[in-house]
Amino acid sequence: MNQIESIISDWPGVTVKSHERGGGREFILDGREIGHVHHGQLVDIPFAKRIRDVLIEEGRAQKHHVLPDSGWISYRIRSDQDVDGAVWLLRVSYLYHLLALQKREEEHPAGDAIEIDAALAKLDMSDALEHMFSDLRT
């Protein structure tokens with residue numbers, strides 16, 4: 001959990017606070033939660049349902065452990081190798097929220113500090129996810 005928090009807290013605009021429900025740490029961008037980590041090595045991340053569905057179909061995440069019909073996903077960290085998967089999912093959420101802020105034409109310092117298209121390209125997303133992000137930009 002500390003390794004994930006260290007990485008995510010370095011992203012422009014992200015603040016970290018205690019997660020009130022279930023313990024752990026919560027990652028916030030402009031008042032929006034991009035995800036949280038529970039003490040028991042469980043990461044929960046909110047997405048639009050269509051993105052959640054693709055992530056589950058691709059085997060990158062599971063339906064949320066408490067709210068399986070929501071857009072939330074859960075990701076279990078069982079080993080050090082799983083940390084990369086958790087960070088990848090949190091990065092997708094982070095960039096999704098940055099794009100949503102841009103689409104609403106809201107100024108945000110993090111949007112100026114990061115080249116979103118280049119960051120998305122580094123994620124090596126599937127065609128299905130790339131298409132969804134493309135739709136968000138238009």
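Modeller: Start with Asp135, which is partly exposed at a relative accessible area of 30%. This is a predicted model. Asp135 and Arg50 meet through their side chains in a salt bridge, 3.8 Å from N to O. That pair links distant parts of the chain. Asp135 sits in helix α6 (residues 127-137). Arg50 sits in helix α2 (residues 49-57).

Now take Glu5 and Arg25. Their closest N and O atoms are 3.2 Å apart, and the two form a salt bridge. Glu5 belongs to helix α1 (residues 2-8) and Arg25 to strand β2 (residues 25-29), so this bridge ties together parts that are 20 residues apart in sequence. Glu5 has 19% relative accessibility and counts as buried, because buried means under 20%. Arg25 comes out at 22% relative accessibility and counts as partly exposed.

Next, Arg60 and Glu58. This salt bridge has its closest N and O atoms 3.7 Å apart. Arg60 is partly exposed, at a relative accessible area of 32%. Glu58 is partly exposed as well, at 33% relative accessibility.

The general idea is simple: side chains of opposite charge can pair when their charged atoms come close. With a cut-off of 4 Å between the side-chain nitrogen and the carboxyl oxygen, the count comes to five salt bridges. Among them are Glu5 with Arg25, Asp135 with Arg50 and Arg60 with Glu58.

Key
Residues numbered from 1 in each chain as written. Predicted model: local features only at pLDDT ≥ 70, side-chain atom pairs only at ≥ 80, totals over all residues. Heavy atoms only, no water. Helix = DSSP H or I, 4+ residues; strand = E, 2+ residues; numbered from the N terminus. Buried < 20%, exposed > 50% of the residue type's maximum accessible area, 1.4 Å probe, protein only.
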